[in-house]
There are 2 protein chains.
Amino acid sequence: MKTIAIIDDDEYIGDMLEELLRKENYEVLRAYSGTEALLLLSQHRPDLVLLDLMLPGLSGEEVLTKIKDIPVIVISAKPDVEDKVKLLLGGAADYLTKPFDTKELLARIIVQLRNYKANDRRIITAGDLEIDTLSQQLSVEGVPVHLTKTEYAIIKLLIMNPSQVISKSAILDRISLDTPDCMESSLKVHMSNLRKKLRSVSDKEYIEVIWGIGYKLNEV
Amino acid sequence: MKTIAIIDDDEYIGDMLEELLRKENYEVLRAYSGTEALLLLSQHRPDLVLLDLMLPGLSGEEVLTKIKDIPVIVISAKPDVEDKVKLLLGGAADYLTKPFDTKELLARIIVQLRNYKANDRRIITAGDLEIDTLSQQLSVEGVPVHLTKTEYAIIKLLIMNPSQVISKSAILDRISLDTPDCMESSLKVHMSNLRKKLRSVSDKEYIEVIWGIGYKLNEV
DNA sequence: GAAAAAGGTAAAGAAATGGTTAAGATTTCA
DNA sequence: TGAAATCTTAACCATTTCTTTACCTTTTTC
């Protein structure tokens with residue numbers, strides 16, 4: 001998933017943009033002034049910036065000069081060609097004049113994003129366990145552990161529902177072991193192998209058995 | 001000096017553009033129809049294409065799909081948002097509606113050209129791997145490696161998404177191997193050949209297999 | 001406490017997946 | 001058109017992963 005920072009002091013427009021982008025499955029960051037924007041960018045690294053020019057404090061132009069290596073789409077109420085040229089030459093990747101069509105904005109966002117390497121991570125943690133859904137890797141207390149496809153599917157299910165009891169049938173559904181006869185015996189083995197791998201890194205008992213029902217991940 | 005191709009059947013506008021660009025010290029190529037454009041592009045490699053949509057013969061859209069890795073600025077009389085979106089998603093780098101201000105056009109040309117390094121090339125790197133999107137060449141630890149078109153498409157996809165698991169189906173989608181039955185066997189061979197070429201330069205294992213899922217580029 | 005039920009482990013065989021090679025088909029380019 | 005490069009297909013092998021089986025331990029129930 002890509003992250004987009006919206007820098008706009010107008011809360012109404014910002015909210016509208018945020019909703020629009022979230023619907024398209026982007027992660028959204030917000031800043032409401034130039035200084036806030038710089039703070040935000042020092043802490044996060046979005047894949048793209050939507051920058052409104054009318055900002056309190058620092059001007060949009062000043063903010064633009066501070067942004068390195070992230071494409072910036074400038075949004076402005078001024079249809080002035082002089083402004084457009086100045087901002088484009090100043091480093092903006094694109095320039096849209098209000099009012100704009102949201103479909104066009106989305107298309108231009110895609111244009112900008114497709115030029116850049118995706119460097120986002122999607123990490124889900126539960127206690128000392130951490131999975132990176134993009135590299136499909138598990139880390140236990142920071143140590144990467146190699147898992148098979150099925151083992152990864154199991155631990156992901158558990159991590160996404162920490163401290164909840166997951167029935168064996170739910171696990172079987174999710175990982176779709178489709179030999180109806182003898183699936184449970186297979187699951188037993190997968191659980192055993194998975195735990196063995198966790199144990200090779202840490203002594204903690206992450207996976208707890210709920211007798212007769214299923215399993216539960218303890219956030220130790 | 002940068003070279004810009006103008007593809008426009010309207011001689012008057014074309015002449016105007018050519019004069020404008022020459023004044024700005026660009027080299028100019030001209031084509032007056034879709035087929036002529038393709039011929040021109042097969043012989044020359046401009047740094048940028050200005051493409052008018054109203055073309056006799058091949059449509060501008062068709063021409064666009066044939067142009068790879070050269071930024072295309074579409075110029076159109078149609079202010080239709082639907083068209084804009086279609087062309088932008090279809091690979092256009094920018095879209096200007098007539099009538100436009102020439103200063104804005106020049107600024108947007110600079111924006112497009114600025115993405116390319118001083119030597120006129122767009123370089124994308126991941127660790128010791130580096131691709132040049134213009135010459136479609138890969139360098140491993142600085143050593144150029146010759147790749148076929150398909151191999152290049154694969155390594156580009158991996159380099160643009162470093163450390164991420166790319167499913168085989170995603171790769172197949174991207175490089176459009178279109179014999180649905182036996183594509184995987186083909187992919188296996190491409191991967192094998194690609195790795196062999198990488199191995200001939202470096203001992204590092206850049207491409208990792210994620211068993212049952214796909215591949216991942218390690219930034220060693 | 002014994003029997004029954006459920007879960008854990010280890011090992012072996014089965015199945016799936018990926019790697020490699022080579023030959024034939026196709027495309028490209030001079 | 002003919003030669004060279006590239007792509008596809010198929011066969012075979014190596015490796016990884018999954019399932020099955022047997023046997024063991026733990027928990028529950030009576």
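Which atoms of A:G212 lie 3.2 Å from a phosphate oxygen of DNA strand C? They belong to the backbone: a backbone N or O atom of A:G212 lies at that distance. In chain B, a polar backbone atom of B:G212 is likewise 3.2 Å from a phosphate oxygen of DNA strand C.

The model is predicted, so to speak a calculated one: local features need pLDDT of at least 70, side-chain atom pairs count only at pLDDT 80 or more, and totals for chains, interfaces and linings use all residues. Residues are numbered from 1 along each chain as its sequence is written, chains are lettered from A and ligands numbered from 1 in the order written, and side-chain values use heavy atoms, without hydrogens and water.

Around DNA strand C there are 24 residues, each with a heavy atom within 4 Å of the strand. A:K168, A:R195, B:K168, B:K188 and B:R195 come nearest.

Next comes the meeting of the two protein chains. Here 30 residues of chain A are in contact with 35 residues of chain B, contact being heavy atoms within 4.5 Å. Six salt bridges are found across this interface (a side-chain nitrogen of Lys or Arg within 4 Å of a carboxyl oxygen of Asp or Glu). One salt bridge joins A:E104 to B:K84, with the closest N and O atoms 3.0 Å apart.

Key
Polar contact = N/O pair within 3.5 Å; in protein donor to acceptor, adjacent residues only side chain to side chain.
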